[in-house]
Amino acid sequence: MLVEMVPIVKTENEKKKEYLWKYQDSVRRVARIEAELAEIRSMKAGTAINYDGMPSGSGQSDLSDYAAELDKLERELISERYNRIKLYQDIAMRIKRLKSRNENDVLFYRYIRKLDWWEIAEKMHYSERWIYKIHGKALAHLEIPKEFSEVQ
């Protein structure tokens with residue numbers, strides 16, 4: 001049986017949401033790399049020195065492997081932190097361009113602060129239903145980079 005693959009075409013709003021969520025993706029990647037670094041450092045700190053009098057290797061390759069892995073992760077962390085800052089600046093600037101303060105607030109709280117809908121409603125003193133409406137209008141008014149909106 002042959003199954004025909006139909007390409008999935010994203011709506012304009014789906015592309016905008018995906019773009020806005022990129023900041024939180026970067027936040028999560030930074031946290032993941034930091035956790036991995038902490039784990040590697042704790043493993044190295046937890047190695048015990050062997051005082052049994054038996055001959056053993058210098059452990060030099062272990063140390064160089066450890067240092068190389070730490071260096072790689074630290075470079076990755078620096079790169080991801082830089083990416084996170086650039087994403088934040090771009091997304092925040094696009095959100096600030098919105099004329100409506102309510103639209104600005106809803107997008108900021110949702111995609112930068114990662115608040116749930118009910119938390120945004122509570123913070124802004126509106127119903128969740130009204131927050132959804134503001135969100136829809138905000139997405140309609142939001143402009144994202146052309147290269148991102150053209151990608152399918």
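1. Contacts that span the sequence come first: in the protein chain, residues 24 or more positions apart account for 73% of the contacts with a separation of 6 or more, where contact means heavy atoms within 4.5 Å. The structure is a predicted model, in which local features need pLDDT of at least 70 and side-chain atom pairs count only at pLDDT 80 or more, while totals for chains, interfaces and linings use all residues. Residues are numbered from 1 along each chain as its sequence is written, and side-chain values use heavy atoms, with hydrogens and water left out.

2. The protein chain has six helices and zero strands, and its pattern along the sequence reads α-α-α-α-α-α. Helices (H or I, at least four residues) and strands (E, at least two) are DSSP runs, numbered from the N terminus. Of the 152 residues in the protein chain, 29% are buried, a word that stands for under 20% relative accessible area, with exposed meaning over 50% and partly exposed the range in between (1.4 Å probe, protein chains only).

3. Helix H3 (residues 101-112) has twelve residues and reaches 16 Å from its first C-alpha to its last, close to the 16 Å expected at 1.5 Å a residue; the expected span is 1.5 Å times one less than the number of residues. At the start of H3, a side-chain oxygen of Ser100 comes to within 3.3 Å of the backbone nitrogen of Asn102. The buried residues of H3 include Glu103, Val106, Leu107 and Tyr111, and these four also take part in the contact with H5.

4. H3 packs against helix H5 (residues 128-141) at an angle of about 95°, with the axes 9 Å apart; axes are lines fitted to C-alpha atoms, for helices over the stretch in contact, and angles run from 0 to 180 degrees between N-to-C directions. The two helices are therefore roughly perpendicular to each other, the term used for 65 to 115 degrees, whereas angles under 35 count as roughly parallel, over 145 as roughly antiparallel and the rest as oblique.

5. Most residues other than glycine have a negative phi. Lys114, in the loop between H3 and H4, has a positive phi of about 60° although it is not a glycine. His125, in the loop between H4 and H5, has a positive phi of about 65° and is exposed, with a relative accessible area of 71%.

6. Gln24 lies in helix H1 (residues 12-45) and counts as buried at 11% relative accessibility. Leaving aside residues up to four places away in sequence, Gln24 touches Tyr111, Ile112, Arg113 and Lys114.

7. Arg97, in the loop between helix H2 (60-96) and H3, is exposed, with a relative accessible area of 54%. The C-alpha atoms of Arg97 and His141 are separated by 9.3 Å, although these residues are 44 residues apart along the chain.

Technical notes
A polar contact is a pair of N or O atoms within 3.5 Å; within protein, one must be able to donate a hydrogen and the other to accept it, and residues adjacent in sequence count only if both atoms are side-chain atoms.
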